[in-house]
Amino acid sequence: MTTVVEVCREEEAPAPGQALSVVVGDIPIAIFNIHGELYAIGDICTHEEFPLSEGDMVDEYTVECALHGAHFDVRTGDALSLPATGNAGSYPVWIEDGAVKIELPA
Ligand code: FES
């Protein structure tokens with residue numbers, strides 16, 4: 001069972017190379033735009049809970065946590081380097097009827 005939530009209007013989506021932080025219920029989610037494709041992962045570094053949306057992209061699909069430098073894959077939420085080890089979570093995200101929508105576990 002899943003829930004689909006509109007998180008923002010299409011025009012509010014992040015520009016290519018940028019990230020947007022949204023909170024759905026009590027879940028912080030970082031939405032990344034990579035070459036026009038959106039990806040959504042949990043916006044909490046699994047090391048010490050810093051927002052991943054504040055990190056810099058260090059290669060095409062890798063964001064670096066701004067606090068201690070752990071790398072995460074924005075497609076999967078997987079931690080790719082220490083000091084983080086846990087997956088940040090990932091969510092299906094798409095644009096429909098002018099809105100950015102995310103699918104969450106119910
Ligand atoms: S809080 Fe992200 S690497 Fe430490």
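Q: Which residue lies over the face of tyrosine 61?
A: Arginine 75, at 4.1 Å from the ring centre. The criterion is NZ of Lys or CZ of Arg within 6 Å of the ring centre and within 35 degrees of the ring normal. This is a predicted model: local features need pLDDT of at least 70, side-chain atom pairs count only at pLDDT 80 or more, and totals for chains, interfaces and linings use all residues. Residues are numbered from 1 along each chain as its sequence is written, and side-chain values use heavy atoms, without hydrogens and water.

Q: How many aromatic pairs are there?
A: The structure has 1. Pairing takes Phe, Tyr or Trp rings (six-membered ring for Trp) with centres within 6.5 Å; planes under 30 degrees apart are stacked, over 60 edge-to-face, the rest tilted.

Q: Why is the pair edge-to-face?
A: The planes of tyrosine 39 and tyrosine 61 are at 80 degrees, so the pair gets that label. Their ring centres are 5.8 Å apart.

Q: Where do the two tyrosines sit?
A: Tyrosine 39 is in strand 4 (residues 37-42). Tyrosine 61 is in the loop between strand 5 (56-59) and strand 6 (62-64). They are 22 residues apart, and the pair links distant parts of the chain. Strands are DSSP runs of E, at least two residues; helices are H or I, at least four.

Q: Is tyrosine 39 buried or exposed?
A: Buried, with 18% relative accessible area. Buried means under 20%, exposed over 50%, partly exposed in between (1.4 Å probe, protein chains only).

Q: And how much of the chain counts as buried?
A: 37% of its 106 residues.

Q: How many helices and strands?
A: 0 helices and 10 strands.
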